[in-house]
Amino acid sequence: MSEATHRGSCLCGTIRFEIEGKLGPFGFCHCTTCRKASGTAFTANSSVQRENLRFLSGEETIRRFESSPGKYRCFCPTCGSPIYKEMDDTPGVIRIRLGILDTEVGAKPQAHAFWGEKADWYDDPGDMPVYEAWAPVLKGK
Ligand SMILES: [Zn+2]
Ligand SMILES: [Zn+2]
């Protein structure tokens, strides 16, 4: 058995998983649905090949919510932690929520996406490029 690169879990610990290999590039998404799904100003998600994600416990408990057609936000029904997002148009790829990782990400965010939908109480882009909608360096929303 090979060593997993990353491990993560939900807040209550029911759902635990590991990821092999590198995480894809990520940024902060300020879109309205990400804000509602996270309860805060933005999300940070990274693309992972589904075959590189292995659940250690709790996979059968995960609930899915179709937040827009063909896009599913998957979360723990006990504690509400968002786990990942998956899309019908990118089969085999999921977008893992970086905030639930227990291991270090080992990379920095690269852009702000959907700045045009951001919360009025967050306005410091730091030194990252800002995109009103999709960020070219990032995939997905
Ligand atoms: Zn949980
Ligand atoms: Zn978003």
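Modeller: Within strand 9, Arg95 is the bridge partner of Ser47, and this contact belongs to an antiparallel pairing of strand 4 with strand 9 that runs over five bridges; two strands are said to pair if DSSP finds at least two bridges between them. Strands here are DSSP runs of E with at least two residues, while helices are runs of H or I with at least four, and both are numbered from the N terminus.

The model is predicted, so local features need pLDDT of at least 70 and side-chain atom pairs count only at pLDDT 80 or more, whereas totals for chains, interfaces and linings use all residues. Residues are numbered from 1 along each chain as its sequence is written, chains are lettered from A and ligands numbered from 1 in the order in which they are written, and side-chain values use heavy atoms, with hydrogens and water left out.

Strand 9 also pairs with strand 8 (residues 82-87), again in the antiparallel sense, over three bridges, and here Ile96 in strand 9 is the bridge partner of Tyr84. Strand 8 and strand 9 form a hairpin with five residues between them, and Gly92 in that turn has a positive phi of about 90°. Of the five residues of strand 9 (residues 93-97), four are buried, so this strand is largely enclosed by the rest of the structure; buried means under 20% relative accessible area, exposed means over 50%, and partly exposed lies in between, with a 1.4 Å probe and protein chains only.

The structure has six aromatic pairs, where rings of Phe, Tyr and Trp (its six-membered ring) pair if their centres lie within 6.5 Å, planes under 30 degrees apart being stacked, over 60 edge-to-face and the rest tilted. One of them joins Phe42 to Tyr122, and because the ring centres are 5.3 Å apart and the planes stand at 70°, the pair is edge-to-face. At 21% relative accessibility, Phe42 counts as partly exposed. Ring pairs also bring Phe28 and Trp115 into a cluster with Phe42 and Tyr122, and the charged end of Lys118 sits over the ring of Trp115, 5.3 Å from its centre, a charge being over a ring if NZ of Lys or CZ of Arg is within 6 Å of the ring centre and within 35 degrees of the ring normal.
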